[in-house]
Amino acid sequence: MWMIQRASEGKKKGITDAEMDFAILLQGASIPYLSQQVVCLGCGARYKSIGTSCVHCDMDFTSKYGFAQVDFITQLGRRGLIFEIMGGVHDTEKQEARDTIRTDLLEKQGYVVIPIRNEQVKKLK
């Protein structure tokens, strides 16, 4: 079941200010979401935290592309919609290549991935 997580509950290690601002925007629009979810890249199953493998398809989460931790995920009809808040760390060629592979793997599992720059989040506030 999808729920709205209060932004005050979401401020934990690893969450950026832009991610907190985006959570507040989603709440203001009454869009139900989950944040900081782990998605298996073998079958698309979702988890709140990471183990060593997927219980649905036995994907090894210790492999390079076994899982992806996503910023925000919501349901769009029968498909999952993922919002990735992108800061400066994503600007290097190496990270851009990783992001492309990761997005392709998520899309193969039926997800729609929407990257949003930190600057774009600030403009929406």
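1. Strand E3 (residues 67–76) and strand E4 (residues 79–86) run antiparallel and are joined by five bridges. Strands of a sheet pair through backbone hydrogen bonds, either parallel or antiparallel. Here two strands are taken to pair if DSSP finds at least two bridges between them, while helices (H or I, at least four residues) and strands (E, at least two) are DSSP runs, numbered from the N terminus. Within this pairing, Phe-72 has Phe-83 in E4 as its bridge partner.

2. A word on the source is needed before going further. This is a predicted model, in which local features need pLDDT of at least 70 and side-chain atom pairs count only at pLDDT 80 or more, whereas totals for chains, interfaces and linings use all residues. Residues are numbered from 1 along each chain as its sequence is written, and side-chain values use heavy atoms, with hydrogens and water left out.

3. The chain holds four helices and five strands, and, read along the sequence, these follow the pattern α-α-β-β-β-β-α-β-α. The five strands form an open sheet with mixed pairing, in the order E2-E1-E3-E4-E5. Its edge strands, each pairing on one side only, are strand E2 (46–47) and strand E5 (112–117). Helix H3 (residues 93–108) packs on the sheet, where it touches strand E1 (34–40), E3, E4 and E5, and its direction makes about 45 degrees with that of E3. For such angles, axes are lines fitted to C-alpha atoms, for helices over the stretch in contact, and the angles run from 0 to 180 degrees between N-to-C directions; contact means heavy atoms within 4.5 Å.

4. The structure holds five aromatic pairs, a pair being two rings of Phe, Tyr or Trp (its six-membered ring) with centres within 6.5 Å, called stacked if the planes are under 30 degrees apart, edge-to-face if over 60, and tilted for the rest. The pair of Tyr-33 and Phe-72 is edge-to-face because the ring centres lie 5.5 Å apart and the planes stand at 70 degrees. Since Tyr-33 lies in the loop between helix H2 (17–28) and E1, and Phe-72 in strand E3, the pair ties together parts that are 39 residues apart in sequence. Ring pairs also link Phe-22, Tyr-33, Phe-72 and Phe-83 into a cluster.

5. Burial is judged by relative accessible area: buried means under 20%, exposed over 50%, and partly exposed in between (1.4 Å probe, protein chains only). Tyr-33 counts as buried because its relative accessibility is 1%, and Phe-72, at 3% relative accessibility, counts as buried too. Over the chain of 125 residues, buried residues make up 38%.

6. The largest pocket has a volume of about 390 Å³, and of the 20 residues that line it, Gln-69, Glu-84, His-90, Gln-95 and Arg-102 lie nearest its centre. At least two lining residues come from each of E3, E4 and H3. On a 1 Å grid over the protein atoms alone, a pocket is an open set of points where a 1.4 Å probe fits, with protein on both sides within 12 Å along at least five of seven lines, and lining residues have an atom within 4 Å of a point.

7. Two residues deserve a look at their backbone. Most residues other than glycine have a negative phi. Ser-30, in the loop between H2 and E1, has a positive phi of about 55 degrees although it is not a glycine, and Ser-30 is exposed, with a relative accessible area of 54%. Asp-58, in the loop between E2 and E3, likewise is not a glycine and has a positive phi of about 65 degrees; Asp-58 is exposed at a relative accessible area of 64%.

Technical notes. Grid points are joined across faces, edges and corners, and a volume is the space filled by probe spheres set on the points.
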